[in-house]
Amino acid sequence: MRAIVVTEFGGSEVLRAADYEDPRPGPGEVAVDVIASGVNYRDTYERTGAYPRNLPYIPGLEGAGRVSAVGEGVTGTAIGDVVVSAEIDGAYAERAVVRADRAVPVGDADPEQAAAVFLQGLTAHYLTHSTYAIKPGDTALVHAAAGGVGLLLTQMVKLRGGHVIGTVSTEEKEKLARDAGADEVVRYENFAERVRHLTGGVHVVYDGVGKTTFDDSMSVLRPRGMLALYGASSGPVPPVDPQRLNAAGSLFLTRPTLAHYTATREELTLRAQDLFGWIAAGDLSVHVGGRYPLEDARRAHDDLESRRTTGKLLLIP
C-alpha cells in the first residue's frame, strides 16, 4: 500500500510517500480501506517530536474507511461496513488498523463528511456539553472561530442557547464565523478590549490557540468563569501561578483532552450519535476547507500551520 512515512522528526519535509507493508488486524481490531483521513494539529505536534512517537511511523489518527478484514473476537462489525474513528493507527495511508470498539458505524452519513467532522466534532461536543456545559443565555468566546473546531463550537453553543463572540484573522474568516452563527466577530488584535466592551465578562473561553491568546483570554472572563484550553496552535502556554485564578475572580482553568471524554464505548457512541443526528437534521454543517491527494500531505500540513485554511482538511488516498 501507499502511505506517508515519518522516519525523523522535523518540518513538513519529513512527510514522505512510500510503499509500506499492509497492516493486519490483531485480536479485537479491524482493518479498513481508508476513504478519507483528517488532518489535525496533533499530527503536526507528533511530526515535530513535541508529542513523542517511536520512529518510523505513519501519521494520522482520524479517518473513515470500509472494513476489509476483522481480527479474532470482533463482533458487531463486519467486512464491508463503513466506519469512522479518531483513534486509527496510521490514517495517512491506503489501509489502516483500528480497535473495533473505537470505530463507529457511519450509517447513512457521507464517509468523507464523517471523517471531516469526527475528531473535531467530538471535541466541540465535549467542550460545550461537558467541560463547560453551555446554558441558555451564556456567552462564550470562541478563538479561531473559522477553523475546524471553531465553526463546530460556534454552532453547538448556539444549539444550546448561548451567545458567541468569535475571533478571526481575516474578512473571509469573519464571514464564515458569522454564517456559522457567531453573534459578534472580532480580530485577534486587541480582542480583549473589544470583548470587555461588548460584555461584562464571558462565561467561558474555548481556546485552542494557546500561547498568544492565553493571558487576554483569562482577562475577559467574569468571576467564576472558565478558560478551557484545548489546544496550542500558537505554542504551549508557560507555567501558570494558581494564585492568578484567585486574583482574577476565582476562575477555573482546565486543559481537557478528547480521550478522557470518550473513555467508554457508550460515551463515544452517544457523542457520535448526536453529531450524525444534527448533520442529518440540518442543524450542524461541516465545512471542508481542502481535499488533498494522500501524497500531498506535506502541502496540507504547510497550509494548516500557516493558518491560511478554514474548516477541515482531508487527505484522500
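Which residues are buried in α3? I looked them up and found G148, V149, G150, L151, L152, L153, T154, Q155, M156 and V157. That leaves α3 mostly covered, with 10 of its 12 residues buried. I count a residue as buried under 20% relative accessible area, as exposed over 50% and as partly exposed in between, using a 1.4 Å probe and protein chains only.

A note to myself on the source: this is a predicted model, where local features need pLDDT of at least 70, side-chain atom pairs count only at pLDDT 80 or more, and totals for chains, interfaces and linings use all residues. Residues are numbered from 1 along each chain as its sequence is written, and side-chain values use heavy atoms, with hydrogens and water left out.

**Entry: the length of α3**

I checked the span of α3 next. Its end C-alpha atoms are 17 Å apart, which agrees with the 16 Å that its 12 residues should span at 1.5 Å a residue. The expected span is 1.5 Å times one less than the number of residues. Helices (H or I, at least four residues) and strands (E, at least two) are DSSP runs, numbered from the N terminus. After α3 comes G161, and its phi is positive, near 90 degrees.

**Entry: cavities**

On a 1 Å grid over the protein atoms alone, a cavity is a set of points where a 1.4 Å probe fits but cannot get out, while a pocket is an open set with protein on both sides within 12 Å along at least five of seven lines; lining residues have an atom within 4 Å of a point. Grid points are joined across faces, edges and corners, and a volume is the space filled by probe spheres set on the points.

I found two cavities of 30 Å³ or more. The largest cavity holds about 50 Å³ of space. Its lining is made of A116, Q120, G148, L151, L152, V286, H287, G311 and K312. Both α2 and α3 give two or more residues to this lining, and α3 gives the most, with three.

The second largest cavity has about 30 Å³, and I listed A86, E87, R102, F118, L122, T262 and L268 around it.

What is the volume of the largest pocket? I noted about 1200 Å³. It is lined by 49 residues, and the closest to its centre are N40, Y41, R42, L119 and T123. Among the elements that each supply at least two lining residues are α2 (111-131) and α3 (148-159). By class, I wrote down 22 nonpolar, 18 polar and nine charged. Here Ala, Val, Leu, Ile, Met, Phe, Trp, Tyr, Cys and Pro are nonpolar, Asp, Glu, Lys and Arg are charged, and the others, Gly among them, are polar.

The second largest pocket has about 200 Å³ of space. Strand β6 (residues 95-99) gives the most to its lining, with three residues.

**Entry: the core**

I finished with nonpolar cores, which are sets of buried Ala, Val, Leu, Ile, Met, Phe, Trp, Tyr and Cys residues joined through side-chain atoms within 4.5 Å. The largest one has 52 residues, and V84, F118, L153, Y206 and F276 have the most contacts inside it. Helix α2 gives the most to this core, with 10 residues.

Leaving aside neighbours within four places in sequence, F118 is in contact (heavy atoms within 4.5 Å) with residues including E62, V84, L268 and F276. A second, separate core of 19 residues includes V5, L15, V39 and Y92.
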